[in-house]
Every structure is written in structure tokens, then in C-alpha cells.
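Here is a short tour of one annotated site and its surroundings. Please keep the sequence and the 3D view open as you read.

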Amino acid sequence: MAEKPVLTLYNTLTRTKAPLAPIDPQNVRMYVCGPTVYDFAHIGNARPVIVFDVLFRLLRHVYGESHVTYARNITDVDDKINARALRDFGPEIEKGTLSLNEAIRRVTEKTANQFHEDIVRLGAMPPTHEPRATEFVSPREDGKVDMITLIQRLIERGHAYETNGEVLFETRSMEDYGALSKRNLDEQQAGARVAVDTHKKNPGDFVLWKLSSPEEPGWDSPWGRGRPGWHIECSAMSAAYLGEVFDIHGGGLDLIFPHHENEIAQSRCAHGTKVMANVWMHNGFVQVEGRKMSKSEGNFVTIYELLHEEKFGGRKWPGEVLRLAMLMTHYREPIDFSVKRLEEAERLLAKWPAGGDPAEGRVDDTVLTPLLDDLNTVGAVQALHALAQCANSDPLMLPVFAASAELLGVLPKKAEVSKALEDSVESLIQLRLEMLKAKNFAEADKLRDDLAAKGIQLKDGKDPQTGERVTTWEVKR
């Protein structure tokens with residue numbers, strides 16, 4: 001039996017790169033922080049989706065498709081979402097004809113569905129599990145970990161305290177709090193999605209549970225009607241599907257502090273473990289045309305707008321172009337998302353052959369090797385382009401190219417062709433073949449060039465039986 005390839009990853013927790021050593025090679029487990037579905041996902045949200053989709057594909061390739069579990073959450077516990085649910089469905093909630101969770105689901109249904117549609121266009125596979133935060137606030141019938149029970153455990157173990165109906169995590173109760181971000185405890189500020197207006201034992205203490213006023217939505221709890229802080233949701237959902245300690249936790253660089261730092265504190269102190277995840281991975285920031293993306297800068301752009309509107313560069317962009325543009329920068333490096341970069345990715349894709357069957361090929365080592373080195377997609381894309389050139393001249397290489405491209409999620413798809421277009425092209429090919437037989441090369445070349453200008457690429461060859469010239473064609477991007 002062949003040995004598994006060695007995958008090395010950079011660990012933010014240790015600041016070193018080391019071979020991945022799964023807790024259980026039969027079930028490699030990864031958790032990634034997903035979107036808050038208050039609004040449409042922006043291009044910055046797309047980067048972790050793409051980066052960790054490639055890692056998901058790579059883990060499945062190395063360990064087997066049935067031996068990888070990937071959980072990515074949906075954050076639908078957010079004060080803005082809660083307020084909108086109360087505004088739109090308050091009477092129904094008060095009458096008991098609609099639960100708070102059901103009202104929130106209605107508020108977030110459109111944005112969550114749009115997120116899923118967008119990332120499918122980006123070539124992302126669905127995760128194994130996609131829990132919603134609202135489903136894990138209160139104790140569950142199936143016994144999976146929930147937020148209220150986790151908070152109770154933290155109080156019992158002396159890591160959290162109640163004050164005026166709120167519950168705060170006591171950062172000084174954890175000896176090595178701050179190990180991920182390498183921040184001095186005295187310099188840290190509490191981070192939460194809800195306002196902190198209660199007395200704290202320490203400035204860095206953060207909210208686990210926040211009281212709700214009668215006008216605010218909330219859940220019943222031992223500390224009164226309220227809602228959870230931001231960080232506790234991921235501690236609950238990761239433990240629910242991956243266990244108290246798992247292999248990889250991923251997300252954007254901006255989540256290191258306070259979100260991931262506080263996740264670690266909650267999970268370790270609640271479960272009594274030395275770590276929450278063995279490897280912490282973070283993708284770099286996304287700038288747009290050299291500037292930080294923000295609405296005030298006027299360069300805030302959503303995935304939907306890139307795919308469906310002519311807002312960026314005066315045109316729409318195919319999902320595969322957006323994905324490849326992201327992969328042309330190493331995931332840990334900052335990326336400048338620009339029209340120039342998208343055009344570069346589009347030109348590259350136009351040179352890659354479509355129609356290959358990945359099931360008939362194998363992933364080429366030239367593509368796999370850089371991916372195994374801390375997900376070096378830059379090197380993998382370069383190797384894939386070289387394979388594309390080989391496949392363009394040698395059809396036997398097409399399945400190898402296809403299998404390698406699928407590992408990166410950038411397998412070119414054969415364009416759908418109407419019967420009318422097919423008949424028209426076949427007719428023009430026959431006309432060109434007649435021109436070539438008559439040695440009317442100039443007119444034949446002009447016909448070929450006219451078709452190329454319309455996105456139809458011709459490829460000449462010989463029939464192995466008769467030696468006669470044959471011409472095949474495909475629609476290029």
C-alpha cells in the first residue's frame with residue numbers, strides 16, 4: 001500500500017510550518033468560520049471560502065473522500081438580524097405563532113441562499129456540515145453541544161461570572177490566554193458583537209451572554225432572557241460536529257483577535273483540553289485596487305455584483321475567473337483584487353483545454369507537490385498551465401490535466417452549444433476543408449481566423465485510418 005503524501009501547513013499558533021499529523025487519519029476534521037448572513041457576502045468573504053475549499057479537496061485527495069469532515073458555520077445570531085426579525089415578525093413572535101429562530105430564518109433566508117448560489121459559482125464544494133448559530137443556542141434534543149450549556153460549564157469551572165444578568169469570561173482565569181495572537185493581556189480589549197456596558201473584573205473580559213430588553217429578541221436562559229455573545233457560537237458548533245479537539249481551524253487573518261483567541265479560551269476552559277485545534281490557519285487580507293475595501297472608499301463589492309452586474313471593470317465576471325484570480329496569490333499573503341488581475345486570470349483560463357474527464361486521469365505530481373507545501377496554489381497554478389500546454393498538443397494528457405485542474409477547483413467546462421451553432425460551424429468546417437483541398441490557403445486561413453474571433457477554435461489532425469485531414473472544434477472563453 002502506497003504511503004500517503006506528506007502535507008505541511010503553517011500553524012498560526014506556533015508560527016511554524018510542520019507536517020499535518022491528524023488525530024485520526026480515518027476522520028480528518030476541519031472547522032472554518034463562515035459568513036454572517038445579515039447582507040450579501042463581499043469579495044473578502046470569498047477568499048476563505050475558496051482557500052479552504054482547496055484544502056478540503058486536498059485533504060480528500062490525500063486521506064480519501066470519506067475520511068474528511070469539514071464544518072463551516074452560518075452566523076445568524078447578530079443584533080442587526082435579531083432587531084430586523086423583531087421588527088418584521090414581532091406580533092407573530094409575541095403570539096407564539098412564530099418562534100424567534102423561525103423569524104430569524106425568514107430574515108436571513110434570502111442572504112443565506114444568495115451566499116450558497118454565489119459560492120457554487122466560485123466552484124466551492126458544500127462542507128460536510130453547515131450549522132446555523134440559532135440552532136445551537138439552547139440545549140438540543142439530540143444532545144449536541146449548545147451555547148448555554150457551555151456557558152454553564154465555564155461558570156462551574158471558575159472561568160466565567162455572572163453580573164447583572166450578563167455572563168462574562170474571566171480572561172485572567174486562563175494562564176496562557178493570548179497565545180494565538182501573542183498579545184499582552186493588559187493591552188487587550190473585549191470583543192463582542194453586542195455592546196458591553198457592565199462592570200468587568202478585568203478590561204479584557206468578554207461577553208458570553210447578554211441580557212435582552214423586552215423590545216429586543218432573546219432566548220430564555222438561567223441568567224434571564226438574552227442572547228449569546230459572538231465567540232461562543234463557534235465553540236459550540238465545532239464541538240458539536242468535530243469534538244472537543246480537532247485537526248484544523250481556519251478563517252481570515254482579521255479573526256485571530258478577538259474571535260479565535262476567545263474561541264480557544266472558551267473551548268479549552270470548558271472542556272479542560274490543552275488545545276482546541278492542533279493547527280490554526282489564516283488567509284491574508286483582501287484589498288480592492290490597492291485600497292482597503294470599504295463602503296466609504298466606494299470600492300465595496302459583493303460576490304453577487306461581480307457575477308451579475310457590471311460594477312467592477314464595467315463588466316460581469318465568471319466565477320471561475322474570480323476563483324483563479326484568488327489562487328494566483330498564496331493564501332497567507334495579502335491580495336490586491338483588481339481588474340488587471342481578473343483579466344490575467346481570464347487570459348490564462350482561455351488557454352486551458354475543456355472537456356477532459358478527471359475520472360480517467362490522475363493528479364500530476366507537478367501540481368500536487370506545491371499544494372502539499374502549505375497550500376502553495378501559486379506554484380500549482382503555474383504547473384497546471386504547463387500541463388494545459390501539454391494537453392493542447394497531446395490529447396492523451398487531457399485526463400491528467402483535468403484531474404489536476406479539478407483538485408484546484410478550476411476544471412474548464414465545455415461550453416454548451418446549440419444545435420444551430422453546431423450545424424453552422426460544421427458547415428463552415430466542410431467549406432474550409434474544400435478550400436484547403438483546392439489549395440486556397442488564404443481564404444481557408446481567413447475562415448479559421450473569423451471563427452476564432454467568434455470564440456470557435458479549430459484543431460486540424462489526420463484520420464489514423466485514411467490519413468485524410470480532419471478538423472475538430474471547441475468553444476473557447
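## The annotated site

An unreviewed UniProt entry places the feature "binding site" at C33, C234, H259 and E263. These residues are spread over 231 residues of sequence, yet they cluster in space, with a largest C-alpha distance of 11.0 Å. UniProt positions follow the numbering used here, feature names are shortened, and annotations may be inferred rather than shown by experiment.

This is a predicted model, in which local features need pLDDT of at least 70, side-chain atom pairs count only at pLDDT 80 or more, and totals for chains, interfaces and linings use all residues. Residues are numbered from 1 along each chain as its sequence is written, and side-chain values use heavy atoms, leaving out hydrogens and water.

## C33

C33 lies in the loop between β3 (28-32) and α1 (43-63); helices (H or I, at least four residues) and strands (E, at least two) are DSSP runs, numbered from the N terminus. With a relative accessible area of 12%, C33 is buried (under 20% relative accessible area; exposed is over 50%, partly exposed in between; 1.4 Å probe, protein chains only).

Beyond its neighbours within four places in sequence, C33 is in contact (heavy atoms within 4.5 Å) with residues including C234, H259 and E263.

Helix α5 (residues 232-242) holds C234, which is buried at a relative accessible area of 1%. Not counting residues up to four places away in sequence, C234 touches Y31, C33, N73, H259, E263 and M276.

S238 also sits in helix α5 and counts as buried, at 2% relative accessibility. Leaving aside neighbours within four places in sequence, its contacts are Y31, G243, F246 and M276.
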